[in-house]
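Q: I would like to learn how to read a protein model with some care. Could you take me through it one feature at a time?

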Amino acid sequence: MLSSISNLTNVPHIFNITLPETTNIKYIMDRVFVSRGSACQRGEPSHVLQAIGIPDNEIKRTIRISLGTKTNKDEIDQLITIINNSIQ
């Protein structure tokens with residue numbers, strides 16, 4: 001259902017997931033703080049994802065999630081539920 005495109009050995013608390021084409025990404029973004037663009041270029045597609053060869057149609061369906069030191073299991077479970085509910 002979800003495919004990770006991050007190398008979790010580099011920065012394990014920040015990761016990207018590419019969602020299925022049937023996902024309502026606005027539904028997710030209205031409920032949790034995630035990003036669709038590059039961390040250093042607000043609103044722009046991630047040049048890093050482009051550089052590693054991710055096709056543009058997948059970049060448009062990719063969100064970046066950052067977990068903090070105070071992120072707890074309940075919050076992660078809530079995020080998973082929201083993502084699952086967004087897939088139509």
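A: Let us begin with one side chain: that of Thr62 reaches the backbone oxygen of Glu58 at 2.7 Å. This is a predicted model, in which local features need pLDDT of at least 70 and side-chain atom pairs count only at pLDDT 80 or more, while totals for chains, interfaces and linings use all residues. Residues are numbered from 1 along each chain as its sequence is written, and side-chain values use heavy atoms, with hydrogens and water left out.

Q: With which side chain does the side chain of Thr62 make a polar contact?

A: A polar contact is a pair of N or O atoms within 3.5 Å; within protein, one must be able to donate a hydrogen and the other to accept it, and residues adjacent in sequence count only if both atoms are side-chain atoms. Here the partner is the side chain of Thr18, at 2.9 Å.

Q: Is Thr62 buried or exposed?

A: Buried means under 20% relative accessible area and exposed over 50%, with partly exposed in between (1.4 Å probe, protein chains only). Thr62 has a relative accessible area of 2%, so it is buried.

Q: Which residues does Val32 touch, leaving aside those up to four places away in sequence?

A: Contact means heavy atoms within 4.5 Å. On that reading, Val32 touches Leu79 and Ile82, once residues up to four places away in sequence are set aside.

Q: How much of the protein is made up of buried residues?

A: Buried residues account for 28% of the 88 residues in the protein.
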